[in-house]
Amino acid sequence: MSDKKNENGISRREFLTKGALGSFLVAMGGATVGGFALPKPTVSPGPSRRYKLGDPGKFPVGTAMKMDKENIFLFRDVEGFYAITAVCTHLGCIVVRVDDGFACPCHGSRFAPDGHVVEGPAPRGLLWLEVSRTPDGGVMVDADVEVDLGTKLVV
Amino acid sequence: MEKPALTQFIDNLKSVPDAARRAFLKNGLPESERERSQMSFHNFFLHMQSVRTHKHSLRWTYTLGLGIIATAALIILTATGVLLMVYYKPSTELAYYSMKDINYVVFGGRIVRNVHRWAAHLMVVAALLHMARVFYTGSYRRPREVNWLIGLGLLVMTLALSFTGYILPWDQLGYWAATIGANIAQSPREVTDAFGITHAVDVGGLGKQMLLGASFVGEDALLRFYVLHCVVLPGLLMTLLGLHFWRIRKDGGLSRPESVDKPGAPDYKPVQPGIFKPGTEKTYGLMALVKGSKPTVGTAPENTVMSWPHLMYAEAAVFALTMAITLVLGYFLNAPLKEIANPMVPENPAKAPWYFLGLQELVSYSAFMGGIGIPTITLVSLALIPFLDRKGSDVGIWFGGAAGKKVFWQSVLFGAMVTVGMLALTITQGWLRTWIPNIPQLVITVVNPGTVLVGLYAWWSLSNIKRHNSIRMGAVAMFTVFLVGFILLTYVAAIHRGPNWHFYWLHSQWPPH
């Protein structure tokens with residue numbers, strides 16, 4: 001009786017077995033996805049990465065300095081301010097300034113003075129970061145906002 | 001007449017030691033073979049192994065004791081690891097100082113940490129060599145395919161445990177290893193960026209986030225690595241290891257050549273007439289009906305010895321040796337602890353521990369290919385071996401015989417030549433970006449010294465299949481060239497890479513800084 005097949009060739013027992021198995025697998029799948037959803041951070045904890053630098057007058061034209069704690073290079077030339085990250089786009093090491101640009105100590109990537117890759121495994125050039133004016137007239141670097149290569153803040 | 005209960009109680013109290021001993025050691029030390037077999041299957045820990053062991057499995061020239069060395073190292077790691085957990089504090093503020101405490105203040109802390117470190121290295125070495133032994137004796141073939149796969153899982157777990165382990169001290173090595181590891185997890189962006197689909201499918205970003213629990217390497221990351229190292233990975237490893245041991249029994253013990261069970265083999269003894277003589281002490285019970293083509297009643301039992309004591313002695317000896325090696329190394333050679341993590345200055349050069357240096361050399365060509373692509377290709381190829389190389393009667397024979405030995409040496413030569421050639425080319429001439437400055441990244445991701453080597457290795461393997469008309473020879477060729485490549489890349493990265501990952505013949509040529 002229970003093994004009698006209907007016109008589709010599936011018996012009631014088979015149908016129920018497959019249904020039970022299916023719902024079990026769906027439940028397990030859901031639980032697994034849920035289990036991985038938990039470790040995925042909803043909010044990314046971390047300090048703000050907007051750095052206020054104060055009066056632009058502190059940085060004369062020709063400035064080329066490294067903000068050590070923030071891992072950002074700050075430049076000011078005749079055209080304006082610009083900031084380039086010191087974090088290598090390859091695997092996150094901190095690049096150093098060399099005569100002809102930047103060099104990464106970890107895997108030998110080299111970058112031109114404007115940050116584009118010259119040599120090595122880095123998949124892309126060093127990121128240019130947004131430099132903007134604060135309402136009180138100072139300059140600010142936002143390490144979370146990338147801008148196009150060559151974008152300078154005219155002061 | 002029964003004794004009064006109180007007298008009985010006092011008698012029982014007096015005989016507690018005896019009664020307890022009888023309860024734990026049911027039969028005392030075994031004297032007859034029957035008692036020895038009971039020893040094996042009445043004991044939870046011993047019953048993992050069969051009551052009788054094939055003589056061939058006890059030849060140290062066959063197994064080299066490598067699996068047991070890895071297991072012994074794991075036991076040592078568990079014990080020393082728990083001791084270290086007592087003082088270690090998984091927080092970026094305290095981790096480094098708790099390591100200093102363990103090294104300089106805690107009683108026995110230095111030696112426990114050193115032994116932990118040396119046992120970890122030994123486990124990686126033993127696991128790698130064990131895999132090579134199993135491969136070269138063709139022991140991955142049916143019915144052992146699944147156990148080969150479990151073994152690969154164990155290798156991955158071992159390496160993952162090593163990686164998460166050396167992050168924990170939060171010194172310069174640990175901090176930059178975590179940074180590099182997280183960025184390797186993010187490196188699929190190298191490909192998604194090239195197609196401009198990162199905003200839609202950011203596999204890399206997700207991987208990094210899951211690993212770090214944040215967008216940067218900090219408190220959350222350290223805690224995650226700690227949980228992985230102390231709970232998740234050991235749990236998975238132990239589970240897989242249990243399966244690994246269980247499957248050894250299910251698959252009929254260790255592999256051995258067919259010839260050792262045939263007349264003419266040195267250990268061969270013909271079936272004793274009268275083994276089933278009526279009236280002997282032995283009794284036989286029907287335990288189960290199993291499917292199978294070969295009942296082992298014929299010749300096989302005659303080549304076995306009692307596991308207690310023969311196998312137990314051998315295992316205890318290997319364990320003692322492992323313990324001795326790690327203790328001596330741990331006593332004389334201190335585990336390194338570099339300066340406290342400094343997110344502003346990476347070490348130059350920032351080198352991973354030796355077992356990852358081959359990979360580090362590969363990521364210095366392309367982060368995605370070296371860190372994810374080529375390791376995946378390697379693992380998948382290894383996993384496919386037992387399903388591609390299925391036939392053959394050379395199981396249990398090193399390299400599958402004289403022809404295989406020849407292929408092995410030819411492959412060593414070929415592997416060394418192409419790997420050294422490729423390295424020489426890259427070191428002296430640079431790579432695509434040096435020649436064509438504006439080349440798209442995708443081209444470098446696909447065509448870099450690492451992938452070219454993999455391609456050459458694959459070609460060598462296929463040509464060996466064709467030349468010898470044997471899939472096994474192709475497998476031997478492939479495994480060997482990969483092994484040689486791994487060793488050479490590791491060597492170059494360890495010895496000849498200096499500041500900025502430049503090539504130097506000698507450490508003394510490094511520029512001062």
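**Close-up 1. Thr192(B) and the residues it touches.** Leaving aside residues up to four places away in sequence, Thr192(B) touches Ile197(B), Thr198(B) and Val201(B). Keep in mind, as you explore, that this is a predicted model. Thr192(B) is found in helix α10 of chain B, which covers residues 189-195. Is Thr192(B) buried or exposed? Its relative accessibility is 10%, and because buried means under 20% relative accessible area, Thr192(B) counts as buried. For a sense of distance, look for Lys250(B): it lies 58 residues from Thr192(B) in sequence and 45 Å from Thr192(B) in space, C-alpha to C-alpha.

**Close-up 2. Helix α3 of chain B and its packing partners.** This helix takes in residues 33-41, and Ser37(B), Gln38(B), Met39(B) and Ser40(B) are buried in it. What do the buried residues of α3(B) pack against? They meet two elements of chain B, β2 (304-306) and α13 (307-332).

**Close-up 3. A nonpolar patch on the surface of chain B.** Here you can find Leu149(B), Val380(B), Leu384(B), Phe387(B), Leu388(B) and Ile471(B), which together have about 500 Å² of accessible area. Helix α15 of chain B (residues 367-388) supplies the largest share of the patch, with four residues. Leu149(B) sits in another part of the chain B sequence, in helix α8 (residues 145-167). With a relative accessible area of 32%, Leu149(B) is partly exposed.

**Close-up 4. The two domains of chain A.** Domain 1 spans residues 1-45, and domain 2 spans residues 50-147. Taken over C-alpha atoms, the centres of these two domains of chain A are separated by 52 Å.

Methods
Residues numbered from 1 in each chain as written. Chains lettered and ligands numbered in written order. Predicted model: local features only at pLDDT ≥ 70, side-chain atom pairs only at ≥ 80, totals over all residues. Heavy atoms only, no water. Buried < 20%, exposed > 50% of the residue type's maximum accessible area, 1.4 Å probe, protein only. Contact = heavy atoms within 4.5 Å. Domains from an automatic or database assignment. Patch = residues over 30% accessible without salt bridge, like charges linked within 9 Å, V, L, I, M, F, W, Y side chains within 5 Å. Areas by Shrake-Rupley, 256 points an atom, 1.4 Å probe, with all protein chains shown as cover. Salt bridge = Lys/Arg side-chain N within 4 Å of Asp/Glu carboxyl O.
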